[in-house]
Amino acid sequence: MDPLIAPLGRIVGAKYVIARPSELIVYENDGLPGYHKRPRLLVSPANRDEAIAVVRALAAAGAAFVARGAGTGLSGGSLADGIVMVGLQRMRRIIAIDELARTATVEPGVVNANLTRAAAPFGLHYAPDPSSQTACTIGGNVAENAGGPHCLKYGVTLNHVVAATIVLPEGEVMRLEAPRDDEVGIDLLGTFVGSEGCFGIAVDVTVKLTPNPARIYTMLADFMTVDGAAEAVSTIIAAGIVPAALELIDAGTIAAVEASIYAAGYPTDVAAALIIEVDGPLAGLDDDVDAVDRICRAAGARTVRVANDPADRARLWQGRKKAFGAMGRVAPNLCVQDAVVPRTKLAPVLRAIAAIGARHRLHVCNVFHAGDGNLHPNIPYNADDADESERVHLACDEIMALCIAEGGTLTGEHGVGLDKLKYMDQLFTPDSLDAMCRLRDAFDPARRANPGKVVPVHRCREWLAAPGVNA
Ligand SMILES: Cc1cc2nc3c(=O)[nH]c(=O)nc-3n(C[C@H](O)[C@H](O)[C@H](O)COP(=O)(O)OP(=O)(O)OC[C@H]3O[C@@H](n4cnc5c(N)ncnc54)[C@H](O)[C@@H]3O)c2cc1C
């Protein structure tokens, strides 16, 4: 019997401590196939006080832990390798919506889309909209600094978090607030956002709510070449237009979407399509739509159309946002990659990625936040096929090296987690990695929060002795 079961059970109630291997199986993965790590046990607090008490009990026992939201992460970040998993999905209360201040304070387990639903009666919404928004949690979004299609215009999670209460791994409780214009000091909240669960657990979060735009135009432009679509992306931004969203979907992804229940009416005989959304006050908006239409046609678009009505718009977005799910029809597993390149290099990088796929006899499909240069090369494969899995790993290594060589970076929004650890040395100098280790130590001196993630262990040699790190 694990000695933690009884003390944790006294805090959260016995039924919210799960230790049976058969029940823990569902917590072995996140959204990325390929990694399986069995937690020591799962403890699920119901509220802030229980969460703090759990972290303090774990500190007293010297036990390492990993926070878990919905487990939709795509970098292996919320996997617990023989250590305690702190599940936050029971903490799903929207504590307050302040219509005047346009903020909401929520527990970390609130599902992203539920916040927008709750804000709707006030004419407001929560702008960061990861494609997983119907499942992922605000706590997970904060930890990953999540993005989404509409983050091109409205900014990523960091730009929307105004305060958070966090419990540090040793049990201290800190209130972090976003610096105001006149404030001095180190931005600890900004440091916490994107820290991937390594600095403690957010037990409540206050976020900005954004007024709904007066008018939205959602456009679909289809292209016979990927180069043409990529050229249109750069030209739209260069023209000074900042669309609310600018997404690229290639032929392989369109084929999967159109064969699925998420079929959106995308043309299946094209090389790529762009979903372009412009929104805002009415003044000048029609001019932007005309300019986008012109630019797309000049770049070779065959057709450019505007969604007829809200149902049509919703269908266009559903196809985009459910594209990863639709890929499930193509193969049993999907390797979702995440990297960023300068927007102007989209066309050559996409050509090089296709060549890498062909060399490894893999079909790389792309659906991504083109306006940000945030690529998602996705590779359908069968994880039971060792040879194919190996080829996927090799292709990913080459894709990451390519993006870094082109002046990009190795994650735009999914985080480093476990999956990108091996590339960190390619991007950062030893001094930068050492600084990351020291910063992490400031929040977590005993190195018990999400050990073995984000910074390669060989860079933090002393971490080899940390609980839960299997170097
Ligand atoms: C189909 C699909 C589409 C996706 N689309 C996008 C997209 O468009 N944009 C995007 O950014 N991501 C996307 N993702 C990735 C994923 O949904 C995001 O990274 C999301 O933010 C993870 O939230 P989660 O609640 O599932 O967190 P988890 O996966 O449970 O955890 C992720 C990380 O957050 C930490 N964590 C969780 N809660 C807390 C907390 N309260 N305090 C401290 N740390 C915590 C965990 O320890 C872990 O390191 C997608 C995933 C899928 C499956």
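A residue is called buried if 20 or more other C-beta atoms lie within 10 Å of its own, exposed if 12 or fewer do, and partly exposed in between, with C-beta atoms placed from the backbone. Keep that in mind for this predicted model, where local features need pLDDT of at least 70, side-chain atom pairs count only at pLDDT 80 or more, and totals for chains, interfaces and linings use all residues. Residues are numbered from 1 along each chain as its sequence is written.

Start with Arg448, in the segment after α16 (430-443). Because Arg448 has 23 C-beta neighbours inside 10 Å, it counts as buried.

Next, look at two helices (DSSP runs of H or I, at least four residues, numbered from the N terminus, while strands are E runs of at least two). Helix α13 (residues 346-359) packs against helix α14 (residues 386-405) at about 160°, and their axes are 10 Å apart. Axes here are lines fitted to C-alpha atoms over the stretch in contact, and angles run from 0 to 180 degrees between N-to-C directions. So α13 is roughly antiparallel to α14, a label for angles over 145 degrees. Who touches whom? Val349, Ala352, Ile353, Ile356 and Gly357 of α13 meet Ala395, Glu398, Ile399, Leu402 and Cys403 of α14, where contact means C-beta atoms, placed from the backbone, within 7 Å.

Finally, find the open sheet: four strands in the order β1-β2-β4-β3, with mixed pairing. Strands pair if DSSP finds at least two bridges between them. The edges are β1 (17-18) and β3 (65-68), each pairing on one side only. β1 and β2 (residues 41-43) run antiparallel, joined by two bridges, and Ile18 has Leu42 in β2 as its bridge partner.

Key: Parallel < 35°, antiparallel > 145°, perpendicular 65-115°, else oblique. Contact = placed C-beta atoms within 7 Å.
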